[in-house]
Each structure stands twice: as C-alpha cells, then as structure tokens.
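Here is a short briefing to read beside the model on your screen. Keep the viewer open and pick out the residues as they come up.

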Amino acid sequence: MSGGRPGWGRQLRALLLKDLRLELRTRDTLVAMVLFSVVAMMIFQFAVGSRGDDLTDVAGGILWATLALTAVLGVGRSWVPEREQRVLDGILGAPVPRDILLVAKACAIYAYLLAVEVVAVPLMALFFIRDPDPADLGLVAIVCLLANLGISILGSLLAVLALFARARELLLPVLFLPSMLPVVIAAAGATHSVTGGTNDLADYRGYCLFLGVYAVIFGLVAYATYEHVFDD
C-alpha cells in the first residue's frame with residue numbers, strides 16, 4: 001500500500017467480489033450461460049446421431065463448440081451491469097490500474113466458465129461417450145482449466161474493445177469467435193486424445209502446452225494494450 005491507496009491485491013479482490021456478488025444476486029449471466037450450454041448440447045445430441053450411436057469421435061468438438069458459443073454470451077454481458085447501472089464512469093475514474101480491471105474481469109469470466117463446465121462435461125460424457133472413464137474426465141477437467149485461461153483473458157480484452165462500440169452486440173462475436181478458434185481446436189484435440197479410446201497422452205500434452213502458451217501470449221498482449229484501449 002502507498003499513499004493510503006489499497007494495494008493491487010485488495011483492489012483485485014474488491015473488483016472480483018463485486019462482480020461475483022452482483023452475479024449471485026441477479027443470476028442473469030450464469031443461469032443464461034448454463035441453460036444455453038445445456039440446450040446447445042441437446043441440439044447437438046439430436047443433430048449428430050441417436051443415443052445408441054457411438055459419438056465418441058465428435059464429443060470433444062461438440063463440447064468445445066458449445067463452450068465457445070457459451071463464452072460469447074458470458075463475455076458479452078461482462079460489462080453490462082456497470083453500463084446499465086451507470087457506474088462505469090465511476091469505475092474508470094477510480095485510481096485503479098487498468099490491468100487490475102483486466103484481471104478482475106478475466107477471473108470473473110473464468111469462474112463463470114468453470115460453473116458451466118461442471119454441467120457441460122458430464123453432459124458430454126452422458127450424450128456422446130460410450131462407457132466414459134472417470135480418469136479421462138479428470139484429464140478433460142485439466143483441459144478446461146487451461147483453455148479457460150486463454151478464453152477469459154481474450155474475452156476480457158475484446159469485451160472492452162466492444163464496450164465503446166456502437167454495434168457492440170455484433171462486433172464482439174465477430175472479433176471473439178475467430179480469435180478463440182485456436183483454443184477450440186486445441187482443447188477439442190486434447191479432449192479427443194483422452195476420450196476417443198486411444199488415450200494418446202503425447203498428443204494430449206502437446207495440446208495442453210499449446211493452450212498454456214496461447215494464454216501467456218494473450219496475457220502479454222492484453223497487459224500491453226489494455227490501458228490504451230480504455231484511454232482511447
């Protein structure tokens with residue numbers, strides 16, 4: 001702490017708790033994300049085959065296509081409470097470093113994605129994997145932890161870019177989905193490596209390494225650009 005200003009840890013904690021408490025009170029974003037993921041998985045289940053078919057080969061792709069679309073929904077609403085309740089100017093005028101705002105929003109998006117995956121991963125096993133192994137689902141959970149890093153950092157950055165745009169509802173998916181494509185491909189590949197029946201751990205580790213590198217790269221990009229995005 002310096003000059004009476006709270007340290008970055010207290011600022012981050014206060015901003016993150018503000019987002020989580022507001023979401024727990026209203027449940028607007030999280031409920032919509034969970035319902036969307038469930039409906040999307042059910043649509044995919046009926047679209048690609050019946051319950052009796054072996055859909056293991058497509059399980060990873062379906063899971064991560066669903067999570068990518070769900071992430072767009074969550075990221076798109078990440079700044080909505082501040083905008084609707086007219087507190088955005090107050091937050092931006094507060095002596096809080098912009099990168100703390102970035103980390104707080106990324107942590108909130110990360111938490112929302114984890115909550116969705118608690119529902120979506122078991123649904124994937126139920127709908128698309130024949131005789132799922134709990135150990136394989138544990139490895140899928142690690143993929144979720146890594147992929148969420150890249151998605152939440154990228155989403156936090158692009159949400160601010162779209163925040164001040166006139167057609168923000170159209171701009172965010174156009175920017176976010178293509179940028180997220182490498183994460184979706186790698187996460188789907190890692191998921192398939194351990195649920196597709198081959199248990200190819202070499203491929204799994206390679207995909208996980210890519211997800212970690214992707215998160216680090218976009219973390220650095222966001223750190224270098226976030227303040228300028230707000231100022232512009």
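This is a predicted model: local features need pLDDT of at least 70, side-chain atom pairs count only at pLDDT 80 or more; totals for chains, interfaces and linings use all residues.

Residues are numbered from 1 along each chain as its sequence is written, and side-chain values use heavy atoms, with hydrogens and water left out. A search of the whole structure finds three salt bridges, and the structure also holds three aromatic pairs.

**Salt bridges**

- Side chains of opposite charge can pair when their charged atoms come close. Here, a salt bridge means a side-chain nitrogen of Lys or Arg within 4 Å of a carboxyl oxygen of Asp or Glu.
- Helices are DSSP runs of H or I with at least four residues, numbered from the N terminus.
- The cut-offs are under 20% relative accessible area for buried, over 50% for exposed and in between for partly exposed (1.4 Å probe, protein chains only).
- Asp-28 and Arg-77 meet through their side chains in a salt bridge of 4.0 Å, N to O. Because Asp-28 lies in helix H2 (residues 28-48) and Arg-77 in the loop between helix H3 (56-76) and helix H4 (80-84), the pair ties together parts that are 49 residues apart in sequence.
- Asp-28 counts as partly exposed at 41% relative accessibility, and Arg-77 counts as partly exposed at 26%.

**Aromatic pairs**

- A pair of aromatic rings is described by the distance of the centres and the angle of the planes. Rings of Phe, Tyr and Trp (its six-membered ring) pair if their centres lie within 6.5 Å; planes under 30 degrees apart count as stacked, over 60 as edge-to-face and the rest as tilted.
- The structure holds three aromatic pairs. In one of them, the ring centres of Phe-127 and Phe-128 are 6.0 Å apart and the planes are at 85°, so the pair is edge-to-face.
- Phe-127 counts as buried at 15% relative accessibility, and Phe-128 is buried with a relative accessible area of 1%.
- Phe-210 and Tyr-214 form a tilted aromatic pair, 6.3 Å centre to centre with 35° between the planes. Both residues lie in helix H9 (residues 201-231), four residues apart, about one turn of the helix.
- Phe-210 counts as partly exposed at 39% relative accessibility, whereas Tyr-214 is buried at 7%.
- Phe-210, Tyr-214 and Phe-218 form one aromatic cluster.

**Surface patches**

- Patches are made of residues with over 30% relative accessible area and no salt bridge; like charges are joined within 9 Å, and nonpolar side chains (Val, Leu, Ile, Met, Phe, Trp, Tyr) within 5 Å. Accessible areas come from the Shrake-Rupley method with a 1.4 Å probe.
- Arg-10, Arg-13, Arg-21 and Arg-25 gather in a patch of positive charge on the surface. Lys and Arg count as positive, and the place of a charge is taken as CZ for Arg.
- Arg-10 is found in helix H1 (residues 8-26) and counts as exposed at 54% relative accessibility.
- Phe-36, Leu-69, Leu-73 and Leu-177 make a nonpolar surface patch of about 280 Å².
- Leu-177 sits in helix H8 (residues 168-195) and is partly exposed, with a relative accessible area of 33%.

**Two prolines**

- Pro-97 lies in the loop between helix H5 (88-93) and H6, and counts as partly exposed at 34% relative accessibility. Pro-97 and Trp-8 are 89 residues apart in sequence and 8.2 Å apart in space, C-alpha to C-alpha.
- Pro-134 lies in helix H7 (residues 134-163) and is exposed, with a relative accessible area of 63%.
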